Number of protein chains: 2
Amino acid sequence: MNSRALVFDAYGTLFDVHSVAQRCESFWPGEGARISQLWRAKQLEWTWQRSLMRRYVPFSRITRDALDYACAALRIPLDEEKANRLLQEYRALALYPDVRGAFPALRKARHKLAILTNGSPDLIEPLVAQSGLAFDAVLSVDEVKIFKPAPDVYQHAVKRLGAAPGEIDFVSSNCWDALGAKSFGFRVWWINRSGAPIDALGFSPDGILGGLGELPGALAQ
Amino acid sequence: MNSRALVFDAYGTLFDVHSVAQRCESFWPGEGARISQLWRAKQLEWTWQRSLMRRYVPFSRITRDALDYACAALRIPLDEEKANRLLQEYRALALYPDVRGAFPALRKARHKLAILTNGSPDLIEPLVAQSGLAFDAVLSVDEVKIFKPAPDVYQHAVKRLGAAPGEIDFVSSNCWDALGAKSFGFRVWWINRSGAPIDALGFSPDGILGGLGELPGALAQ
């Protein structure tokens, strides 16, 4: 095994969060998109705001709070059973099809493979277990009590993987996460499945890929 | 003058940003709401992300970058003239009607009156000048190079106003700003003109008001 490590974001990069929106739609027909959009927006906002305030709580807590907020703001009734079912989706998300396809080639390249996620262990551990994929490390921001894109998070990967920043390839579909990692010093690959513009955060990714399927070829160059 | 200070957020609290959306609508009929919503969302996201990344740039720069992003994402053409006109709106926003009404009573209470804003001096100084309101201090995060709700920002007000955190009343319509200030130690008043749910950031405001008109009475209690 060489010293380079390949580190993935989880939500939206390896795991497709679309099923959460589908579950919302099944509970509240016609409202699923509005609910899941506001839910996701608040979930992310609060990771940033709590990090700046230095008032960390685990991602599972923020995710539940944001669901409560979205339903309250849209005046949609939410009971415990529905809330629990929706949170449970986060532990059972499907992999993007291109992930399973690319994984054997990435394994064969003998990189150390890891996940670096905002997700708290109570969410990410069952999710990875049910995926059937094997990683050398599953690292959560919960170990440093601050969310991405704080440099503390990327530094944590350096420490835990025993690799220098320049030895780490980082892969995320969240542009701000990719650029936070670039600002820190990783080589980064932005997975831009939707053709979004790049975030104006003062950095550019080393490569922009349409999906994980392009990653083995990009890394080999 | 007593030692207490009354500190206001600017955008959305004293100044109504609605005219920016109106100008968008006049440039791109039928698209104004979508553009201004995405513009505002990216503008705020980048203040938080850049703060966490420790890659501050002034709010006027972020505001322009976010406008470019919104138009690119929605595939709407933007030329320099339109961009400049839209940025110019930020220097000429109207006061909410309840601000001008409440101001004489707040003055009379002999508080020190100040603004604490994400806005950079190139935006906020002409805006305050054209409002006709007189403040004892107009403080910008530009002096500390990090955005709200980082505690550094609220600490800056303490330092510049020469008041202890407990001597400062802080007023914001942005719930996360009010709660960031509460987390820091100010007494805070959340102006909730739209009846939104409270953000789940681990704190509650000392008071929730429907508008600035209620502030003199609330402070007198």
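This is a predicted model: local features need pLDDT of at least 70, side-chain atom pairs count only at pLDDT 80 or more; totals for chains, interfaces and linings use all residues.

**Relation of the chains**

Chain B is superposed on chain A by a rotation of 180° with 0.0 Å of shift along its axis, the RMSD being 0.0 Å. This is the relation of a two-fold axis. Within chain B, the residue that comes closest to the rotation axis is B:Trp48, whose C-alpha lies at 3.0 Å.

**Cavities**

Two cavities of 30 Å³ or more are present in the structure.

The largest cavity holds about 80 Å³ of space. Its lining consists of A:Asp9, A:Tyr11, A:Arg40, A:Leu44, A:Phe59, A:Asn118, A:Lys148, A:Asn174, A:Trp176 and A:Asp177. Two helices of chain A, H2 (32-53) and H8 (175-184), each contribute at least two residues to this lining. At the level of domains, at least three lining residues come from each of domain 1 (5-15 + 93-220) and domain 2 (17-89) of chain A.

The second largest cavity has a volume of about 70 Å³. Around this cavity are B:Asp9, B:Tyr11, B:Arg40, B:Leu44, B:Phe59, B:Thr117, B:Asn118, B:Lys148, B:Asn174 and B:Trp176. Because domain 1 (5-15 + 93-220) and domain 2 (17-89) of chain B both give residues to the lining, the second largest cavity lies between them.

**Pocket lined by both chains**

The second largest pocket contains about 180 Å³ of space. From chain A, its lining includes A:Ser51, A:Leu52, A:Arg54, A:Ile146, A:Ala150 and A:Asp152; from chain B, the lining includes B:Ser51, B:Leu52, B:Arg54, B:Ile146, B:Ala150 and B:Asp152. The elements that supply two or more residues to this lining are H2 of chain A and H2 of chain B.

The table sets out the volumes and the lining classes.

| Space | Volume | Nonpolar residues | Polar residues | Charged residues |
|---|---|---|---|---|
| Largest cavity | about 80 Å³ | four | two | four |
| Second largest cavity | about 70 Å³ | four | three | three |

**Helix H6 of chain B**

Which residues of helix H6 of chain B are buried? In this helix, which spans residues 121-131, they are B:Leu123, B:Ile124, B:Leu127, B:Val128 and B:Ser131. These residues cover an arc of only 110° around the axis and therefore lie on the same side of H6(B). In general, an α-helix has 3.6 residues a turn, so residues three or four places apart point the same way. The exposed residues B:Glu125 and B:Ala129 are carried on the face of H6(B) that is turned away from its buried side. Just after H6(B), B:Gly132 adopts a positive phi of about 80°.

**Backbone features**

Most residues other than glycine have a negative phi, and most peptide bonds are trans. Against that background, several sites deserve mention.

In chain A, the peptide bond between A:Lys148 and A:Pro149 is cis, with omega about 5°. A:Pro149 belongs to the loop between strand E5 (137-140) and helix H7 (151-161) of chain A. In chain B, a cis peptide bond leads from B:Lys148 to B:Pro149, with omega near 5°. B:Pro149 is placed in the loop between strand E5 (137-140) and helix H7 (151-161) of chain B.

Two arginines of chain B have positive phi values. B:Arg54, with phi near 60°, is located in the loop between helix H2 (32-53) and helix H3 (59-73) of chain B. B:Arg54 is one of the residues that line the second largest pocket. Is B:Arg54 buried or exposed? Its relative accessible area is 61%, so B:Arg54 is exposed. B:Arg75, with a phi of about 55°, lies in the loop between H3 and H4 of chain B. B:Arg75 counts as exposed because its relative accessibility is 70%.

**A residue of helix H4**

B:Asn84 is situated in helix H4 (residues 80-89) of chain B. With a relative accessible area of 46%, B:Asn84 is partly exposed. B:Asn84 and B:Trp190 are separated by 106 residues in sequence and by 32 Å in space, C-alpha to C-alpha.

Key
Residues are numbered from 1 along each chain as its sequence is written. Chains are lettered from A and ligands numbered from 1 in the order in which they are written. Side-chain values use heavy atoms; hydrogens and water are left out. On a 1 Å grid over the protein atoms alone, a cavity is a set of points where a 1.4 Å probe fits but cannot get out, and a pocket is an open set with protein on both sides within 12 Å along at least five of seven lines; lining residues have an atom within 4 Å of a point. Grid points are joined across faces, edges and corners, and a volume is the space filled by probe spheres set on the points. Helices (H or I, at least four residues) and strands (E, at least two) are DSSP runs, numbered from the N terminus. Ala, Val, Leu, Ile, Met, Phe, Trp, Tyr, Cys and Pro count as nonpolar, Asp, Glu, Lys and Arg as charged, and the others, Gly among them, as polar. Domain bounds come from an automatic or database domain assignment. Buried means under 20% relative accessible area, exposed over 50%, partly exposed in between (1.4 Å probe, protein chains only). The arc is that of the directions from the helix axis to the C-beta atoms. Copies are superposed by least squares on the C-alpha atoms of residues with pLDDT of at least 70 in both.
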